[in-house]
Amino acid sequence: MSETSSPRIVIVGAGPAGIRAAATLVEAGLHPVVIDEGHSAGGQIYRRPPIGFVRTPEQLYGPEAAKARALHALFDRLAEEGRLTYCARSSVIAAHEGRLHVLGEGGVQVIGYDRLILATGASDRVAPVPGWQSAGVYSLGAAQIALKAQGVALGRRIVLIGSGPLLTLVGAQLLKAGADVAAVLDTSFWRQQMRGLWGLSARPIVALRGLALRARLGGRYHAGVTLGRIEADTSGVTAMRWRDAGGREHLTPCDMVGMGWHLRAETHLADLTGCTFIYDEQWQQWLPKTDDMGRAGNGVYLAGDGVRLLGADGAEIAGRLAATACLSDLGRPAPSVNADLRKLARLERFARGLARAFPWPFEMVRALPDEAIVCRCENVSAGAIRESVERGGEANRVKSLSRAGMGRCQGRYCQLAAAELVAAQAGCALHTVGRFRGQAPVRPAPIGAFLGEG
């Protein structure tokens, strides 16, 4: 079957990027297959609750409610009209030579593609804090999912730690829902946040909205904190120990800690499909290399936070661009992209401002005591990682020697911190350490699924 007559186009992810990519292809007369882990389209930012949930979109998404409604309605209409195929509750766990191995309710099936658009989004970027392996410690994203999907807070008394817009957003959302938020602790100092003003001025309304959320937190919000440790007993978290910007010690009782330092691009499938990676100094993480339209080579296109951390608005634009690039490469008529490229440049400036204002806490990570756990899946300590450097300072060698990054999350939560420790111990630049290679399955999968046993 030739690509020009009926190409097989698969989109992975049904967040803002995946929805816009699908709509662009459908408008061009194509029928894409959309594979998504959610029960319905929307992604993390516009995650939809179960049927019968009583909170309104305005309560769930705030000022973005209209955008969420529009995206949901657009995708649902295309699916109901049979103009795309939607595979919900399905995870792509492997990719090889034009084939995806997809784990769904009926086990694993293989789906071939001629063109692939990866709109896999991002997850929380977390930094290990002594005691973070205790019960009752979650990522900010997990706290937000529980609130959006089930209308629950994950603790009776909550402390949030980290830096970036999601920190104050989740804090304000929990407060609005009636949760007891004891403290919101930001590791970025006020003066550091001011350094991002030029970039943040690219989207003044969004920046002002963030300040309004912070004001809503009142005295709960503290900037420039130094995190000590998460205290816990056999039942789980009991308190957060920290120092304020003036150096004063605090011990805040709590039974839940949410943590996150902005986002980490979800790149495992990009790795398995052969994409090239580059180290981004601003975001301090490895990101797939693409052109302005999202082309990554080999018939693969990337869109959204999985390649550029530009948020929901940027993801919508990137989804349209990736689909447009796909159409152009197939020799089909494609819409003009000049306006979208200009918008994307402005969003890029804003995102760079965020990265500058709310940086990754590399100094805190490098100062971790040896006994602190870095890899929660495999219970690997900072000391074990430092010791492994003596036998080789490359990321995958350290991984094989220490088992950091070899657990269920495949390094999603420990890789960045492990690299910081390796670079500090080896006395080398961070980018020279490299990155953990992606491996299949990229999500935990039962052996029975491969045997057709569900």
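Let's start with Arg 403, which is found in the loop between α14 (residues 395-402) and α15. One thing before I go on: this is a predicted model. The phi of Arg 403 is near 75 degrees, a positive value in a residue other than glycine. Why mention that? Most residues other than glycine have a negative phi, and most peptide bonds are trans. Is Arg 403 buried, partly exposed or exposed? Arg 403 has 39% relative accessibility, so it counts as partly exposed.

Now a second residue of this kind. His 262 has a phi near 60 degrees, again positive in a residue other than glycine. Where is His 262? His 262 sits in the loop between β16 (256-261) and β17. His 262 has a relative accessible area of 14%, and the cut-off for buried is under 20%, so His 262 is buried.

One peptide bond needs a word too. The bond from Ala 440 to Pro 441 is cis, with omega near -5 degrees. Pro 441 lies in the loop between α15 and α16 (447-450).

Next, a helix. Helix α10 runs over residues 311-329, which makes 19 residues. From first C-alpha to last, α10 reaches 26 Å, close to the 27 Å expected at 1.5 Å a residue. How many of its residues are buried? In α10, 15 of the 19 are buried, so the helix is mostly covered. After α10 comes Gly 331, with a positive phi near 80 degrees.

The largest nonpolar core has 49 residues. Ile 11, Leu 25 and Ile 117 have the most contacts inside this core. Several elements give two or more residues to it, including β1 (9-12), α1 (16-27) and α3 (65-80). Which element gives the largest share? Helix α10 does, with 10 residues. Look at Ile 117 in your viewer. Leaving out residues up to four places away in sequence, Ile 117 touches Val 10, Ile 11, Val 12, Ala 21, Leu 25, Tyr 301, Ala 322 and Ala 323. Another core lies apart from the largest one. This other core has 45 residues, among them Trp 132, Ile 161, Val 380 and Val 433.

Last topic: empty space. Rolling a probe the size of a water molecule over the atoms shows where empty space is left. How many cavities of 30 Å³ or more does a search of the whole structure find? The search finds 6. The largest cavity has a volume of about 180 Å³. It is lined by 15 residues, and the closest to its centre are Arg 264, Ala 265, Thr 267, Trp 286 and Gln 415. Its lining divides into 5 nonpolar, 6 polar and 4 charged residues.

The second largest cavity has a volume of about 80 Å³. Trp 286 and Gln 415 are among its lining residues too. Helix α15 gives the largest share of this lining, 4 residues. By class, the lining has 6 nonpolar, 3 polar and 2 charged residues.

Finally, an open space. The second largest pocket has a volume of about 640 Å³. Of its 29 lining residues, Thr 187, Val 225, Pro 361, Glu 363 and Met 364 are the closest to its centre. Strand β13 gives the most to the lining, with 4 residues. The classes here are 16 nonpolar, 8 polar and 5 charged.

Conventions. Residues numbered from 1 in each chain as written. Predicted model: local features only at pLDDT ≥ 70, side-chain atom pairs only at ≥ 80, totals over all residues. Heavy atoms only, no water. 1 Å grid on protein atoms, 1.4 Å probe; cavity = no way out; pocket = protein on both sides within 12 Å on 5 of 7 lines; lining within 4 Å. Points joined across faces, edges and corners; volume = space filled by probe spheres on them. Nonpolar A, V, L, I, M, F, W, Y, C, P; charged D, E, K, R; others polar. Expected span 1.5 Å × (residues − 1). Buried < 20%, exposed > 50% of the residue type's maximum accessible area, 1.4 Å probe, protein only. Core = buried A, V, L, I, M, F, W, Y, C linked by side-chain atoms within 4.5 Å. Contact = heavy atoms within 4.5 Å.
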